[in-house]
Amino acid sequence: MTKKFYRTGLTFLFCTAAIASGCGRKTSSVQQQNPIPAEQQNADAAGFKEFSDRVNDYVKLHKSQEVLLPKLKQTELPEMIAAHQVALERKIREARANAKVGDIFTPAAVKSFQDVIESTMQSAHGPNVDATLKQAAPLPKMSITVNEPYPDGVPYTSVPPTLLLIFPKLPDEVVYRVVLHDLLLLDLKANLVVDVIPGIIP
Amino acid sequence: MRAKYIQRRAFLAIVCSIIFGAAFSVLAAQDFKFPLTQDSVRFAVIGDMGTGDAAQYQTAQKMIDSRVGFPYDFVIMLGDNIYGGSKSKDFEQKFQVPYKPLLDAGVPFYACLGNHDNPNERQYKPFNMGGESYYTYKKGNVRFFVLDSNYMDPKQLAWLESQLKSSPASDWKICYFHHPLYSSGRFHGPATDVRQVLEPLLIKYGVNVVFSGHEHVYERVHPQHGIYYFTEGSSGELRPNNLNKTAVTDKGFDTDRTFMLVEIAADKMYFQTLSRAGAVIDSGIIPKQPRTPIQ
């Protein structure tokens, strides 16, 4: 009885130590390592640079329109938040009335995004990224159109953090979003679809 | 050499935290009672509540009633605060009306963003987000870290690390965000990609407790790396019989709406989970884990 107790105890300690050791190594390396080979990172750099330049131009435009509106402060009135969102959305839409798919996600940028997404999906991180995308709340049939608002009340799919680690960093005004197989660039305050890469997410 | 030394220390700290975690696992209280000590931190926990339907209202009413016997000072919201839209009437029907007695009594709510929330909710003053999608605040000896698990980008992770680093070991560290790192829910399951980037920080800096929503059930999992995880995603929504209890499940409930009451008094956290009907679903006392941040 006592022997069995000790044996169970030792097995427990061994297992917890083994698990902890495995998890510790795995998680810390995940945090630090970019799954994209250095050679490929260099190849994709030009496309990402072009993308970042376009994003910065967009953010300048965003700011130029936002200053025309009264500054939105925190409020107890949701209608004030909604009104500011709609007013900003309209101003930006007017300011880039000819916006179209590919203005920000240029062909070179699309190639770079394609490369890093494919490499990530084929890496050890692929299953977790895939699981995150599949765990999303079901989305209704919807159309995503550049320079149109993201539909009100439609849930968001979490952008897998592994992808956020390797995608170009964005200014606070914009975020990446995933809708089914599309990658979006979304203006957060204006709730506006800035650009989209259709079908890039497997 | 130094890297090896740090690795060894990290390994030892993780093993110790697991062993202590097992030793100090939740003490199931047969005759559970909140101590209601003078300087304790008392709060309620709700998640996935913003439906505006009768079930949300009934659960809210039970939560309001429970304040008579357990006078909590604030409420934490685990996301999906407002389902289905962000018009004025949505805020009214799904937040202002059901929780009116609490709002009138000056009970503050501290929200995080769920996948159904418009990010501009951060500008809604009663959610106390300070205009940010992730933020921190302190109540007594408890530091809360409120995260946006919809978008766990390097900037947010760097912010969290700097905040955790500057938080003294004597404080309780509680994180809350929408997507659970561990879950036995059938519908979504655990957010493993978020876990990969977030959990190392929670372990490294000695986070004690994590609350999440997203799965429309209640679940308390066995401590993972010494951290206690709760999923409270059924304060409005519910996915009946959706819990597929696994090895990580310590306690689960998926047949009615629930909310939690929590009191942190010195180095103990007392919690009770109640159903919409007022039945006690779970309760216990968690001693503050003797966890030292790894430098």
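The legends below describe several close-up views of a predicted model. Residues are numbered from 1 along each chain as its sequence is written, while chains are lettered from A and ligands numbered from 1 in the order in which they are written. In this predicted model, local features need pLDDT of at least 70 and side-chain atom pairs count only at pLDDT 80 or more, whereas totals for chains, interfaces and linings use all residues.

**View 1. Overview of chain B.** Chain B contains six helices and 13 strands; helices (H or I, at least four residues) and strands (E, at least two) are DSSP runs, numbered from the N terminus. Of its 295 residues, 54% count as buried. A residue is buried if 20 or more other C-beta atoms lie within 10 Å of its own, exposed if 12 or fewer, and partly exposed in between, with C-beta atoms placed from the backbone. Among contacts in chain B between residues at least 6 apart in sequence, 69% join residues at least 24 apart; a contact requires C-beta atoms, placed from the backbone, within 7 Å.

**View 2. The seven-stranded sheet of chain B.** This open sheet has the strand order E4-E5-E6-E7-E9-E8-E10, with mixed pairing; two strands pair if DSSP finds at least two bridges between them. At its edges are strand E4 (135-139) and strand E10 (249-253) of chain B, each of which pairs on one side only. From one strand to the next, the twist averages 15°; axes are lines fitted to C-alpha atoms, for helices over the stretch in contact, and angles run from 0 to 180 degrees between N-to-C directions.

**View 3. Strand E6 of chain B and its neighbour E5.** Strands E5 (residues 142-146) and E6 (residues 172-176) of chain B run parallel and are joined by five bridges. B:Val142 stands opposite B:Trp172, and B:Val146 stands opposite B:Tyr176. In a regular strand the side chains alternate between the two faces of the sheet. B:Trp172, B:Ile174 and B:Tyr176 point one way from E6(B), B:Lys173 and B:Cys175 point the other way, and all are buried. Because five of the five residues of E6(B) are buried, this strand is largely enclosed by the rest of the structure.

**View 4. The largest nonpolar core.** This core has 106 residues, and A:Leu186, B:Cys175 and B:Val210 are among those with the most contacts inside it. A nonpolar core is a set of buried Ala, Val, Leu, Ile, Met, Phe, Trp, Tyr and Cys residues joined through C-beta atoms within 7 Å. Helix H6 (residues 192-204) of chain B supplies the largest share of the core, six residues. Not counting residues up to four places away in sequence, B:Cys175 touches B:Phe145, B:Leu147, B:Leu202, B:Val207 and B:Val210.

**View 5. Helix H5 of chain A against helix H6 of chain B.** Helix H5 (residues 126-134) of chain A and H6(B) pack at an angle of about 120°, with their axes 7 Å apart. H5(A) is therefore oblique to H6(B); angles under 35 degrees count as roughly parallel, over 145 as roughly antiparallel, 65 to 115 as roughly perpendicular and the rest as oblique. A:Asn128, A:Val129, A:Ala131 and A:Thr132 in H5(A) meet B:Thr192, B:Asp193 and B:Gln196 in H6(B).

**View 6. The six-stranded sheet of chain B.** The strands of this open, mixed sheet follow the order E3-E2-E1-E11-E12-E13. Strands E1 (residues 41-46) and E11 (residues 258-265) of chain B run antiparallel and share five bridges; B:Val41 has B:Ile264 as its bridge partner in E11(B). Helix H2 (residues 54-66) of chain B lies across E1, E11 and strand E12 (268-275), running at about 25° to E11(B).

Key. Two residues are in contact if their C-beta atoms, placed from the backbone, lie within 7 Å.
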